[in-house]
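Look at the structure first, then read the points below.

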Amino acid sequence: MLWLDDYERRARLAPGLLALLPISVALAVLGLSKAPVVVSIITALSLAGGPIVLAELVRHQGRKVQESLWASWGGSPTVQKLRLRQEGKNSLQRETWRKAVSSVTGIELSSARSERANPAKADEAIEVAIGQIRNLTRDEAKFPLVRAENRSYGFHRNLYGIRWTGRSSAFLVVLGVLAYMLWLANFDHQPALTLVNVLALLSTVVCLAIWWILPSAVRMESAAERYAYELLQAAVVLAAEKADPGSDSQE
């Protein structure tokens, strides 16, 4: 855990751990979490950089699903908010953001006519400018809302990216607990419907339900919209500071 920063733990590692949650719950309820073999495996994975590998695998899947969803949305929410050819909810707000982004980055965004003539080039200019804004807003103390919404978006994106892994994991664990209960009743001739076994089954079913409900393209898009808004609002702050360098020091 110490090898990962706050963003990596919340946006990448947390979804991966949620995918492993059904296994952990089943082991804990059935009293197997303290078994020497289980403890040895968990310790070995932790010491060998298991959390880092898990976080990177989750990140990879998240970025893959991001590309496909952005294509279906017509581009990232940040790019969409700055396009002139795309109808927005508040044209005055969009113009404020565009002026701020251009002022801070020195990149001139395309006019409406230029956008219609070459939309790909217009989007490229926006993407390059937004990349610079991201780099300028990495100070969490100064831009806490940008950082918070970035974490939230990363979490929902990565959770959606590994949704089938999480669902498959939970479903297989539910089947495993059911198979264990059937084995107890039919082969080991022990009571299968004990409190521990029923709790294990219910817990894993809840995990399966969570994995079917929580990951959502709608939630991911909503988180992306909130992050885009805060990022562009931060650009306005940066532009104001650039226009009046002494204002920040006087506060």
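A charge sits over a ring if NZ of Lys or CZ of Arg is within 6 Å of the ring centre and within 35 degrees of the ring normal. Arg-167 lies over the face of Trp-212, 4.2 Å from the ring centre. The model is predicted: local features need pLDDT of at least 70, side-chain atom pairs count only at pLDDT 80 or more, and totals for chains, interfaces and linings use all residues. Residues are numbered from 1 along each chain as its sequence is written, and side-chain values use heavy atoms, without hydrogens and water.

**Around Arg-167**
- The charged end of Arg-167 also sits over the ring of Trp-164, 4.7 Å from its centre.

**Aromatic pairs**
- The whole structure holds three aromatic pairs (ring centres of Phe, Tyr and Trp, its six-membered ring, within 6.5 Å; planes under 30 degrees apart are stacked, over 60 edge-to-face, the rest tilted).
- Trp-97 and Tyr-229 form an edge-to-face pair, 5.8 Å centre to centre with 80° between the planes.
- Trp-97 lies in helix α5 (residues 91-105) and Tyr-229 in helix α11 (residues 217-243), so this pair ties together parts 132 residues apart in sequence. Helices are DSSP runs (H or I, at least four residues), numbered from the N terminus.
- Trp-97 is buried at 6% relative accessibility, while Tyr-229 is partly exposed at 36%. Buried means under 20% relative accessible area, exposed over 50%, partly exposed in between (1.4 Å probe, protein chains only).
- Trp-164 and Trp-212 are also edge-to-face, 5.4 Å centre to centre with 85° between the planes.

**Helix α9**
- Phe-171 lies in helix α9 (residues 163-186) and is partly exposed, at 44%.

Conventions:
Helix = DSSP H or I, 4+ residues; strand = E, 2+ residues; numbered from the N terminus.
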